[in-house]
Amino acid sequence: MAAKEYKIAVIPGDGTGPEVIAEGLKVLEAVASKRKFKYEVTNYDFGGERYKRTGETLPDSALEELKKFDAIYLGAIGHPDVKPGILEVGILLKIRFGLDQYINLRPVKLYPNVWTPIKDKGPEDIDFVVVRENTEGLYKGMGEFKNKGTENEVATQVSYNTRKGVERCIRYAFECCRKRNKKKQLTLVGKTNVLTYAFDLWQRTFDEIAKEYKDIKTDYAHVDATCMWFVKNPEWFDVIVTDNMFGDIITDLGAMIQGGMGIAAGGNINPQGVSMFEPIGGSAPKYTGKNVINPLAAICALGMLLDEIGESKAAADVENAVIKTVAKMPSLSAGKMGMGTRDVGDSVAKNI
Ligand code: IPM
Ligand code: MN
């Protein structure tokens, strides 16, 4: 049988994006040669610089092109010279929505020997997954200004939740929980006491779908209490499912308890289509070009990509190589790693 050949679109993007993606690609080369699969990378220069040059964020034609790949590997989107929202909506959200990547999968896992700010908690306590809805909610962009610029101005931003959108996300979370096979506990995170329309739909849908998954224990927590428990009792969680906005917020907190933005990765997943993987930390402009940014988040995102395209052994190789590398690092923070960006990439590649 001929070796598989994957087509991967790479969008290094802004700031430190290109630096961390370069290290991820180094690791990809190492693991592909070990696991004997082939791949072809196609680079796209979408991001702040291109926007400044051409006024273009992501053309519709690019969206069509991206649909032809096996996966997309993204560095970071966000440029200090470009007004917030333009690139994020015009590129990142356009891909998430346009490719219907309705799941944002964000594992929160503390590896051995990694410092966490949570006292007396270790790798056995901090190991859960957040399934964030990725195409609806407050991110939908629905809303309006009334009387803009006057003293009677009103601005609304609507949380848009469809039964179908909520259901497919919840279903994915139940499946994810079953496949993970750990505590077999799925927690719905919401705000049913205040968001009495949106989370009523979430809760009803959750309870209905739960009947099909009798092997999974179900649970509910308000989003504010969830933040408290991430700090106090992170071991309570196994899989969490939540809406787009809450998922965005709690996964930054999740990133901190797993060792920081330097290691937190995520996948924008369309289980039936093309998925995109990225470090969740952003473009970190102040560290750009200094060889100080931590590429492990991007490398972990590569691991998730490999898992999604079906190279689960390669994904495990990447994770194990990351575990070996973090054990030698005094810190996962930019500039404090005891080595440079490229050394971290070399170390992971060598440990493959
Ligand atoms: C994330 C980011 C994005 C989001 C921004 C850059 C639009 O914070 O991936 O978590 O809010 O989803
Ligand atoms: Mn975020």
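In the predicted model described here, an oxygen atom of ligand 1 is placed 2.8 Å from an N or O atom in the side chain of Arg 106. For Tyr 139, the separation between a side-chain N or O atom and an oxygen atom of ligand 1 is 2.6 Å.

Because the model is predicted, local features require pLDDT of at least 70 and side-chain atom pairs pLDDT 80 or more, whereas totals for chains, interfaces and linings use all residues. Residues are numbered from 1 along each chain as its sequence is written, chains are lettered from A and ligands numbered from 1 in the order in which they are written, and side-chain values use heavy atoms, with hydrogens and water left out.

The shell around ligand 1 consists of Glu 88, Leu 92, Arg 96, Arg 106, Arg 132, Tyr 139 and Asp 248, a residue being assigned to the surroundings of a molecule if one of its heavy atoms lies within 4 Å of it. By class, the shell comprises 2 nonpolar, no polar and 5 charged residues. In this classification Ala, Val, Leu, Ile, Met, Phe, Trp, Tyr, Cys and Pro are nonpolar, Asp, Glu, Lys and Arg are charged, and the others, Gly among them, are polar. The greatest contribution to the shell comes from helix 4 (residues 86-98), which provides 3 residues. Helices (H or I, at least four residues) and strands (E, at least two) are DSSP runs numbered from the N terminus.

Strand 4 is largely enclosed by the rest of the structure, as 5 of its 7 residues are buried. Here, buried denotes under 20% relative accessible area, exposed over 50%, and partly exposed the range in between (1.4 Å probe, protein chains only). Strand 4 pairs with strand 5 in the antiparallel sense over 7 bridges, pairing being assigned where DSSP finds at least two bridges between two strands. Within this pair, Leu 105 has Val 131 of strand 5 as its bridge partner. Strand 4 is also joined to strand 11 (residues 265-269) by 3 bridges in an antiparallel arrangement, with Ile 103 opposite Ile 269. Asn 104 belongs to strand 4 and counts as buried, at 0% relative accessibility. The side chain of Asn 104 forms a polar contact of 3.0 Å with the side chain of Arg 106. A polar contact is a pair of N or O atoms within 3.5 Å; within protein, one atom must be able to donate a hydrogen and the other to accept it, and residues adjacent in sequence count only if both atoms are side-chain atoms.

The loop between strand 4 (103-109) and strand 5 (127-133) contains Glu 124, which is exposed at 65% relative accessibility. The C-alpha atom of Glu 124 is separated by 9.1 Å from that of Pro 112, a residue 12 positions away along the chain. Asn 113 lies in the loop between strand 4 and strand 5 and adopts a positive phi near 70° despite being a residue other than glycine. With 60% relative accessibility, Asn 113 counts as exposed.

Strand 8 (residues 185-190) is mostly covered, with 6 of its 6 residues buried. On one side these are Gln 185, Thr 187 and Val 189, and on the other Leu 186, Leu 188 and Gly 190. Strand 8 runs parallel to strand 9 (residues 217-222), to which 6 bridges join it; Val 189 stands opposite Ala 221 in this pairing.

Helix 1 (residues 17-35) contains 19 residues and spans 26 Å between its first and last C-alpha atoms, close to the expected 27 Å, the expectation being 1.5 Å times one less than the number of residues. Among its buried residues are Val 20, Ile 21, Val 27, Leu 28 and Val 31. Just after helix 1, Lys 36 takes a positive phi of about 60°. Lys 36 lies in the loop between helix 1 and strand 2 (38-43) and is exposed, at 64% relative accessibility.
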